[in-house]
Amino acid sequence: MDIKKVLNEVTKEIEQSSSQQELQNVKVAYLGKKGKITELLKSLKDLSLEEKKSSGSKLNLLRIEVDNLIKNKFNDLKIEEINSKLKNEYLDISFPPPNFIASKAHPISKTFDEVITIFGSMGYSVAEGPDIETDFFNFSALNIPENHPAREMQDTFYIDDKDKEGKPYVLRTHTSPVQIRTLLNQKPPVKIIAPGRTYRCDSDSTHSPMFHQVEGLFINENANMGDLKGTLIEFCKQFFNVQNLKVRFRPSYFPFTEPSAEMDIAYEIVNNKIQLGQGDRWLEILGCGMVNPIVLENCNVDTNTYQGFAFGVGLDRITMLKYGLTDIRSFFSGNLNWIASNGFTIGDF
Amino acid sequence: MKFSYSWLCDHLETDKSANEIGEALTNLGLELESLTDYSEYSKFVVATIKDFRKHPNADRLNICKVDDGTNTYQVICGANNVKKGLKGIFAKDGMYIPGTQINLKKGKIRGEISEGMLLSERELNLSDDHEGIIELLDDFQNGTSAVEALKLNDPIFEIGITPNRGDCLGVRGVARDLSAKGVGKLKPLNFKKINQLEFASPIIWNINNDDNSCEYVVSRYFKNVNNSKSPEWLQKKLISLGLRPINALVDITNYITIDLGRPLHVFDADKIGKKIDMRLANANERILALDNKEYTLDKNTTVIADGDNALAIAGIIGGDYSGCTDDTKNVFLEVALFNPNSVAQTGRTLGINSDARYRFERGLDKNMVIEGLEYASYLINKICGGLVSKNIEAGKLDNFEHKINYNFDYFNKTIGLELDPQKQIKTLKDLKFQINKSNEKECEVLVPSWRNDVKNKIDIVEEIIRIYGYENIKQSVPSASIDEIDKIDNSSTNKKFKSIKKLKKTLISNGISEVITFSFHSIRAQEILKGDKSLKILNAISDDQSYMRNSMIFNHLESAELNFKKGFKNIQLFEIGPIYNSSKSQENILSLLISTEENTNSIYKSEEFNFYSLTELTSILISSLNFDIKQFNISRSTSNTYHPGQSAELFMGKKLIARYGKVHPLILEEFSKLKNCYAIELFFENLPIDSISRANNINIIDSQFQFSEKDFSFLFEKEQNLYEVQRYVKGLDKNLIKNVEFFDLYIAKDLGDDSKSVTFRVTIQSKEKTLEEKDLEQLHKNILEKVSNKFKAKIRS
């Protein structure tokens, strides 16, 4: 028996196989139950012990080699087959995808989030109040009596329904009523911010009948005007991301704070764009002051023990300044082109 | 409030520049809104056209020889008033021209060199006049500065006066505040009292019932006056502020209003009766006022009247008929103290914003009544001549007296700054507050008559820091205490905002953009969506914003239509904000709108969005709030906003958690461009805040053993709630049943009208072992039996 001959024969047949089926037939013909190599192995039993030993090991080596050859060929054929199949699966990779506009968060959402985070790091928790307010919370508790000229500072929307005192409900003109609601509900120390919607009947490129404010209130035994100043400067530095920030506090008037101040930040025009922080022009950013003891007394807070400060910031305004947006009306138009241009993707929000 | 530098200097002796004064005003709380200062125009000078000839290459241009006193320049000029000997204002190479906002450059115009420019008024921002170049009529020397030649040396201040500072609605009040700040010295008022008051006024006050709207009034009668144009100094003052001079008597009252902040009124005495009343108006009484408008008054309006005729609206505006004209011979002057509240109320009701109202409603200096009377008498007498009567008065003029006990520590505690009591006292004295008694700790402060806004000790603190300077307040570094951080961590509102942010992120990552729309509803939206009638806005700006919204869907449909018109085909947007159930109740919800068009792209195909896609999205949103949609009770929505057959509501107990579905075609009728719209309203405030705000860590059993899947088909009653079935099957063996997934629904005639065939796949897996065939079979059998019994369902296949 010539093992070499068998090997040559089978190698040739393996190589000539052009499909997995043909190769399978070769495998059966040699290694199957009645295959040539199997038969040879079976015939060993008729041989002497010595011959068994020498032929047996040779035959076994043959079987292993053939098996390997077949396996490798199988692998080659498989790759070839897949490759030839892939040739029919070519797509037009240059067919352009449909246009799409990234979905984004509104810039005001981003500002809300930053305001809550920055003031949160200073210990302010968030409070809320309703948009439809009573005259008491929006005005009289805040030391703005009826017929006071200060009411004319704010063009108020009135609602066709009256509260318990017989006065028409109003759309809150500022977030300050949350000060009153909080102080009536909670004993000092109180340290809150209250972001939300506010309303005034006014409409042009810088005024919208609806806009957003955040109120701040800090009442304890010794919160003073220096603390107020430090708090607001720190907020502006963080919010506008300007470390070297030139600011100005100047006297102003709000019935609910005394002394009252407005805070301006310096800016200059560089390449036709507003650059905040330095320069000799001023932008009004917010109103603030020490809470008027009259307001604290309206909330049954003992003014011999407690004092503190409050502030109000126009969120649309600081958003416009931070991102260089010019028309407040576009904020509320629902225009998705505007959101796509000025909003924030999930990664930036 | 507007005034010129020179007017201010009538009251203030100062060497400070306009800019320095402007800054001081702002630091005093009298915010400088604008300062029109032409001092930089001194670089422009008077120059004469010596000669000119036509430009060889341009018909309309002339080549002028211009002499500015030092040199002669060649200037190309296109003005039509060019002539030899004309004196104009000249700008040289390199100068900035304010009206055109460009720097002048020497260069050639059509081949001829031009070395400068003769300016028009518009080029100097003085007016809109651009008809020709400025032609000076007076004979100024060449080289004289434009500031001098055009009399621009009087800067104009415009300041914002806060409602508490009525005392600064007169130039004198502003000067007084500036002097306290150390900007200059207040001059005494410069006028002489009239000593010869020789006759009694033939007109008297006879006040019946004015509802206490006038505390005190004093008048004088001026006989035989000569009313014509006022003198130049007075006219110039008014013109400098943009006011039009009328006649001497009217100009004098306007002047005193601005100068002292003291409004007063002059009647033509021959046009009014002899007994002048102040009374409440009759209902529908009419008056033609000096602004040429007719006003209909009501019973709350106080008028000055002679019997039945209303002559003026008290404290607000005079009547046209009784006003002073050039022909006026006899005058009745009225100086009154009207009640700020009544003036404010009347002014607001009638919508009149006069200089008088503005000052009266802020409260006037009581001690200025007699001074105003004397000052006006002096000016009328000096300018118009004639004789002056004795005073005729009504009411009582109380002395203003207000004392405040003030302790010096209060300043330090409020401001966070140690300021020596002596310094505090000095500041108060500079502001003309009197210090009656004082010791080391406290003092008694007497408030000056013009400061009716200073009422309490905190107002004293403000006065001191206002003068001392806000810039001197030392800022401290803010910090958070452990208690405060604890409060933030436990605050339900903080948790809510955290949940809202999570929700927003989920929405954005699902391709939905955030919008913010107005909290309003149009009249139409209110009609269709039937909002509570207590949501009506009384003074709405427009029909589109007449109500508070009880839903956001209408706003979002409007927004979708707007975007459709911009070319968007598939619109997906959301808003998290308030809706209003009534004037007393609002809630924050998420509202989402999806508007789709048929996809015509044959390559990039996507499945059509339908109710089930919407349900899936709802499920994703709810799961971002740590809830499973299937744990809620589901029912069909009865809201008329939605398609009755393709909308659902989810409840937790009685609380509505979500409402979603296809927008009702009748609502879409209002939006012609939109076809296929779906909406979700998620009432997340009805979910327990602690559950929705925590980090999402649901417990998914992870087992290494083999799982098995088995499909079940049942014939259920058509209205059978499948969420119940799902929950029931899952509950049959909590340890082994890992998932129950519904994947087929079949409704057809052959099943009968009231049945549906439903198929679901149950995934079974143990944490402890690979299940044997017999265990599985037992479980399958159990599911079949229990489901068919519980829901009266027929087993299929």
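Which exposed residues does the face of α17(B) turned away from its buried side carry? In this predicted model, that face carries Tyr612(B) and Glu616(B). The buried residues of α17(B) are Leu614(B), Leu617(B), Thr618(B), Leu621(B) and Ile622(B). They cover an arc of only 135° around the axis, which means that they lie on the same side of α17(B). An α-helix has 3.6 residues a turn, so residues three or four places apart point the same way. The elements of chain B that cover these buried residues include helix α14 (492–509) together with strands β37 (655–663) and β38 (676–682), and just after α17(B), Asn626(B) adopts a positive phi of about 70°.

The largest nonpolar core contains 144 residues, of which Cys288(A), Phe309(A), Leu593(B), Cys677(B), Ala679(B) and Phe684(B) touch the most other members. When residues up to four places away in sequence are not counted, Cys288(A) touches Leu228(A), Leu232(A), Thr257(A), Ala261(A), Met263(A), Phe309(A), Ala310(A) and Phe311(A). A second, separate core of 84 residues includes Leu8(B), Ile203(B), Trp205(B) and Leu373(B).

Between the chains, 71 residues of chain A are in contact with 80 residues of chain B. Helix α8 (residues 225–240) of chain A supplies the largest share of the side of chain A that touches chain B, namely 8 residues, and by class that side has 37 nonpolar, 21 polar and 13 charged residues.

Methods
Residues numbered from 1 in each chain as written. Chains lettered and ligands numbered in written order. Predicted model: local features only at pLDDT ≥ 70, side-chain atom pairs only at ≥ 80, totals over all residues. Buried ≥ 20, exposed ≤ 12 C-beta atoms within 10 Å, placed from the backbone. Helix = DSSP H or I, 4+ residues; strand = E, 2+ residues; numbered from the N terminus. Arc of directions from axis to C-beta. Contact = placed C-beta atoms within 7 Å. Core = buried A, V, L, I, M, F, W, Y, C linked by C-beta atoms within 7 Å. Nonpolar A, V, L, I, M, F, W, Y, C, P; charged D, E, K, R; others polar.
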